[in-house]
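The following account leads the reader through a predicted model. It begins with the overall form of one chain and then turns to the contacts.

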Amino acid sequence: MSVLIDKNTKVLVQGLGKTGQFHTEKAIAYGTRMVGAVHPSRAGTSQIFEGDTDHSGVEGRDDTFRVELPIYATMRQAVAETGAHASVVYVPPPFAADAIMEAAESGVALVICITEGIPVGDMVKVKRYLADMPTRLVGPNCPGVITPKECKIGIMPGYIHQPGRVGVVSRSGTLTYEAVHQLTQLGLGQTTAVGIGGDPVNGTNFLDVLRLFNDDPATEGVIMIGEIGGTAEEEAADFVAAQMSKPVAGFIAGTTAPSGKRMGHAGAIVSGGRGTAAAKIEAMEAAGIVVAPTPTDMGTAMVEALSR
Amino acid sequence: MKIHEYQAKQLMADRGIAVPAGIVASTVEEAVAAVRPLVEQSGNPVVVVKSQIHAGGRGKGRFVEHPDVGGVNVVLDGIEGGIEAAENRVRELASRMLGSTLVTVQTGDEGKVVNRLYIEQGIDIDRELYLSILLDRSVGRNVVMASTEGGMEIEKVAEETPDKILREIVDPAVGIAPFQCARLALGLDLSGDAAANFTRFVTALSHAAVDWDSDLVEINPLVVTTDGGVMALDGKMAFDDNALFRHPDVEAMRDVSEEDPAELEAKQAGLSYITLDGTIGCLVNGAGLAMATMDTIKHVGGEPANFLDVGGGADAAQVAKAFRIITADANVKGIFVNIFGGIMRCDTIATGIVEAVKEVGLEVPLVVRLEGTNVDLGKQIIRNSGLDVVAAEDMKDGATKIVELAK
């Protein structure tokens with residue numbers, strides 16, 4: 001089992017530019033069911049993706065792939081033709097908010113936006129637009145979502161993942177890779193890893209993903225990786241204390257970040273004394289979450305949480 | 001991106017939002033020449049001379065060269081002495097303020113050089129209020145904050161008397177509603193003309209904040225004049241860097257002299273870099289990992305000299321550039337490269353480092369931790385380079401080694 005995506009998830013890609021093409025090829029090689037693309041200027045044509053799969057040599061699975069991906073003008077058309085469940089957005093920042101809204105309006109259940117640098121004002125409008133819709137948005141400015149050996153939607157390196165017992169949710173891409181790598185090394189593996197992104201206004205938050213993992217029978221424990229800025233980690237800690245039935249480990253980046261400076265991610269900023277790492281760590285520890293002192297200790301923190 | 005007060009007031013005036021009349025001056029002569037038209041236009045013999053820097057606390061700030069001069073000066077000489085007396089006083093003040101270094105609570109001890117003054121008409125103030133518009137992240141919408149405690153630091157008000165801060169969340173589909181403005185006016189004890197003018201002011205500013213893609217608009221103080229007018233006596237604005245592409249007029253207001261040269265250089269190279277006070281330079285891919293690297297250095301007893309995220313798609317030339325920026329910092333006593341290659345390949349990073357070291361030399365210890373895509377190839381490139389590089393097993397091991405070596 002897993003959350004959000006699995007081997008049956010049919011995926012569309014919005015924005016088949018250089019980045020979109022690169023990651024579409026990697027996704028297909030990983031085994032993701034890519035069913036089409038939306039890229040208006042190339043509508044009516046198709047693109048062939050072929051090469052060796054990531055599981056070449058594995059018994060019962062294909063060594064190579066060849067997929068002819070149809071390209072559509074609109075999301076409505078693409079969903080009608082393919083019956084896709086999810087879409088991944090690689091559209092450049094000025095147009096990404098529109099792409100997210102178009103995806104939601106077309107009826108896909110899940111939209112994962114990888115694009116970094118979308119204006120906050122655009123995301124405020126997107127969030128308002130999505131409020132009454134059943135569509136779930138993950139991101140923007142995130143690495144995506146992966147269920148190991150089943151479905152990879154996003155830019156994470158597939159090979160570090162391994163099917164297993166732990167759910168991962170994170171605001172940071174590379175720190176997710178650190179956690180995943182350690183879980184794989186420790187033999188714990190992952191059920192699903194979800195990057196919720198580093199922007200101040202995003203779709204799915206820690207709380208939403210913790211809820212999903214809590215209800216997923218295969219997930220035995222969760223690692224949540226936060227950073228300075230906002231109060232999403234504090235809200236998640238409240239949920240863990242009140243309702244979470246599974247052990248949680250965590251890490252918060254930015255203990256040494258100076259106040260008032262944006263640390264790379266648009267959302268990673270301590271302003272007016274709010275959003276500090278210390279406040280988040282305190283809230284998490286009070287909720288019974290095992291907080292790793294450094295990222296190198298995330299895997300062992302999970303082991304400790306699981307053994308409690 | 002931040003702008004100066006005079007620029008913020010220009011933007012507000014363009015939207016019909018009430019601000020005092022003012023003239024910007026970068027020389028003593030310009031400052032003196034501003035007095036007569038301001039006094040004649042407003043009919044008020046008082047003018048104010050305000051330092052233009054990107055930092056708050058100017059009124060209480062003092063000049064290093066002239067400790068008896070503050071950052072903001074109200075010139076009353078015109079009341080009795082006429083325009084000439086006001087001009088003489090402005091000349092005296094401007095010659096001391098321009099080119100001098102102003103230290104405020106927000107500038108740090110080194111202060112900031114004042115290159116521009118804003119000469120403004122005097123205002124007959126009845127009350128001083130506070131108003132700001134910024135993002136409330138917990139709801140993903142703008143919030144308008146208002147308080148009767150104008151002129152105070154709002155963080156202090158929030159801490160000591162939180163009930164004195166009024167908040168209205170703005171629905172992005174409709175903007176701030178008249179009933180919300182009325183509720184704020186009531187809470188601020190405004191009535192009659194002042195309440196009507198306040199509603200007009202807040203509505204216009206709230207719409208403008210969305211159109212400008214501002215991160216923060218802070219009017220402190222917002223003043224009620226003796227005749228019931230409402231205007232911005234000060235104006236602080238910051239803009240969403242990601243939205244500047246659609247605001248060339250705002251981008252044109254950028255004052256590069258207010259920005260850290262190393263940070264500016266990094267930005268132009270597509271790198272995310274922030275100068276810090278410590279001695280361990282860091283070169284990392286990914287913002288979260290870069291922050292966590294700083295934390296780990298601190299955890300093992302060191303102090304980071306910078307935040308540096310080369311991003312997910314950096315090439316060897318960008319890595320080399322990042323390396324040069326770090327080595328240019330005289331405080332750096334050791335460098336820690338921490339990479340978890342995903343899309344970014346370890347061999348790309350390794351090639352960039354080797355290129356950079358060959359070009360700029362290496363006078364401090366260097367610890368490199370590589371993990372992820374093409375890690376073996378990356379390690380091999382470093383080994384074969386013959387450079388004096390210490391390899392690390394993991395992030396904590398790397399941080400421990402560089403802190404030890406840099407002692």
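Along the principal axes, the C-alpha atoms of chain A occupy a box of roughly 55 × 50 × 30 Å. Nine helices and 14 strands make up the secondary structure of chain A, and 59% of its 308 residues count as buried. Of the contacts in chain A with a separation of 6 or more, 73% join residues 24 or more positions apart.

Chain A is divided into domain 1, residues 10-138, and domain 2, residues 161-307. The centres of these two domains, taken over C-alpha atoms, are separated by 26 Å. Their contact involves nine residues from domain 1 and eight residues from domain 2. On the side of domain 1, α4 (120-130) and β7 (136-138) of chain A each supply at least two residues; α4(A) gives the most, with five residues. By class, this side of domain 1 has seven nonpolar, no polar and two charged residues.

Between the chains, the contact takes 47 residues from chain A and 43 residues from chain B. Among the elements that give two or more residues to the chain B side are β9 (141-147), α9 (287-299) and α13 (395-405) of chain B. The most comes from α9(B), with eleven residues. The chain B side divides into 19 nonpolar, 13 polar and eleven charged residues.

Methods
Residues numbered from 1 in each chain as written. Chains lettered and ligands numbered in written order. Predicted model: local features only at pLDDT ≥ 70, side-chain atom pairs only at ≥ 80, totals over all residues. Contact = placed C-beta atoms within 7 Å. Helix = DSSP H or I, 4+ residues; strand = E, 2+ residues; numbered from the N terminus. Nonpolar A, V, L, I, M, F, W, Y, C, P; charged D, E, K, R; others polar. Buried ≥ 20, exposed ≤ 12 C-beta atoms within 10 Å, placed from the backbone. Domains from an automatic or database assignment.
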